[in-house]
Amino acid sequence: EWREGHIRGARLAPLDQLTTSLRELDPRRLTAVHCQSGYRSSIAASLLQRAGFKQVANVTGGFDAWRASGLPYEREGKAAAG
């Protein structure tokens, strides 16, 4: 899924590993989360908020909606467009 495309500048943090990778994130910065369709990222957003992150945004509709909107994204480290 990640190799097929993700928002430019995103960091890979699978839901099942999110709580162990929290120390790599700054809870004072806006943290936007996305997955393919938006379901897992809603869970991730909740976990981040519970961990004390104050500025959390779930990308509505997930990466599918992002790409369908024609917004820029990366694929295997190369820029792509929707």
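User: How are residues numbered, and what counts in the model?

Analyst: Residues are numbered from 1 along each chain as its sequence is written. In this predicted model local features need pLDDT of at least 70 and side-chain atom pairs count only at pLDDT 80 or more, while totals for chains, interfaces and linings use all residues; side-chain values use heavy atoms, leaving out hydrogens and water.

User: Why are Phe-63 and Tyr-73 called an aromatic pair, and what makes the pair edge-to-face?

Analyst: Rings of Phe, Tyr and Trp (its six-membered ring) pair if their centres lie within 6.5 Å; planes under 30 degrees apart are stacked, over 60 edge-to-face, the rest tilted. Phe-63 and Tyr-73 are 5.3 Å apart centre to centre with 85° between the planes, so the pair is edge-to-face.

User: Why is Phe-63 called buried?

Analyst: Buried means under 20% relative accessible area, exposed over 50%, partly exposed in between (1.4 Å probe, protein chains only). Phe-63 has 1%, so Phe-63 is buried. Tyr-73, with 6%, is buried as well.

User: How do you know that the charged end of Arg-67 sits over the ring of Tyr-73?

Analyst: The test asks for NZ of Lys or CZ of Arg within 6 Å of the ring centre and within 35 degrees of the ring normal. The charged end of Arg-67 sits over the Tyr-73 ring, 5.7 Å from its centre.

User: What makes 17 residues of the lining of the largest pocket nonpolar?

Analyst: Ala, Val, Leu, Ile, Met, Phe, Trp, Tyr, Cys and Pro count as nonpolar, Asp, Glu, Lys and Arg as charged, and the others, Gly among them, as polar. The lining divides into 17 nonpolar, 7 polar and 7 charged residues.
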